[in-house]
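Please open the structure in your viewer and keep the selection tool ready, as this tour goes from one selection to the next.

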Amino acid sequence: MPRRSGDVQRRYRDIAKEALINEEIRAKELRVIAEDGEQLGIMSRDDALNMAEEKNLDLVCIAPKAEPPVCKILDYGKFKYDQQKKEKEAKKKQHTTQVKEIRLSTFIEDHDIMVKAKTGAKFLKEGNKLKVSLRFRGRERDYVDRGQEVMEKFAEAVSEVGDLEKKPKMEGRSLSMVLTPKTDKK
């Protein structure tokens, strides 16, 4: 089965992420750190490799761009596992904000506005932005002021959980506004 270019790029990205270990390190002189964090000083690559081999550990280059490169004597498997664990934790803490959209119509009833507002409030509580749009079809374009009223009612209904980021504005045949989750300013 032929390789796709995406596979090759992904493989190179993974290799670039990997740290240099043992014989892969090409520098002649290295600043070496022991397993417990003690500075062992600057020594030749061969001496550092021998020292790591005596302890049944690996020599891992942790700062290849430093002058001389900084290497640490440690268990590479454990080092890699700890790195993956840290990356996983960082991903858990990230929150991506999405923009959710709710569409209204010009002649929507008050009760229906409240139902849509409840859904919008749920989106805002989850930490997402909310885009509210109202499309004018055919002759409805003559009732832009009615559309403005509908938007104001909606904004008022979700005012407890959301702030108006972008006021209602005509964009082509649509009237739209953007709401963001309310921030507590104390």
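Contact here means that heavy atoms lie within 4.5 Å of each other. Keep in mind throughout that this is a predicted model.

Begin by selecting Arg45, which has its place in helix H2, residues 45-54. With the neighbours up to four places away in sequence left out, Arg45 touches Asn22, Glu23, Ile25, Ala27, Lys28 and Leu30. Arg45 is buried but has no salt bridge, and the nearest side chain of opposite charge, that of Asp46, is 4.7 Å away; a salt bridge would need a side-chain nitrogen within 4 Å of a carboxyl oxygen.

Next, select Leu104, Leu130, Val132, Phe154, Val158 and Leu179, which touch the most other members of the largest nonpolar core, a set of 21 residues. Strands S5 (99-104), S6 (129-135) and S8 (174-181), together with helices H4 (110-125) and H5 (144-157), each give two or more residues to this core, and the largest share, five residues, comes from H4. If you then centre on Val158, you will find that it touches Ala117, Ala121, Leu124 and Leu179, not counting residues up to four places away in sequence. A second, separate core has twelve residues, among them Leu49, Leu59, Cys61 and Ile73.

Finally, select strand S7, residues 162-171, together with S8, with which S7 pairs in the antiparallel sense over seven bridges. Lys169 stands opposite Ser176 in S8. The two strands form a hairpin with two residues between them, and in the turn Gly172 has a positive phi of about 70°.

Notes. Residues numbered from 1 in each chain as written. Predicted model: local features only at pLDDT ≥ 70, side-chain atom pairs only at ≥ 80, totals over all residues. Heavy atoms only, no water. Core = buried A, V, L, I, M, F, W, Y, C linked by side-chain atoms within 4.5 Å. Buried < 20%, exposed > 50% of the residue type's maximum accessible area, 1.4 Å probe, protein only. Helix = DSSP H or I, 4+ residues; strand = E, 2+ residues; numbered from the N terminus. Lys, Arg positive; Asp, Glu negative; His and termini not counted. Pairing = 2+ DSSP bridges.
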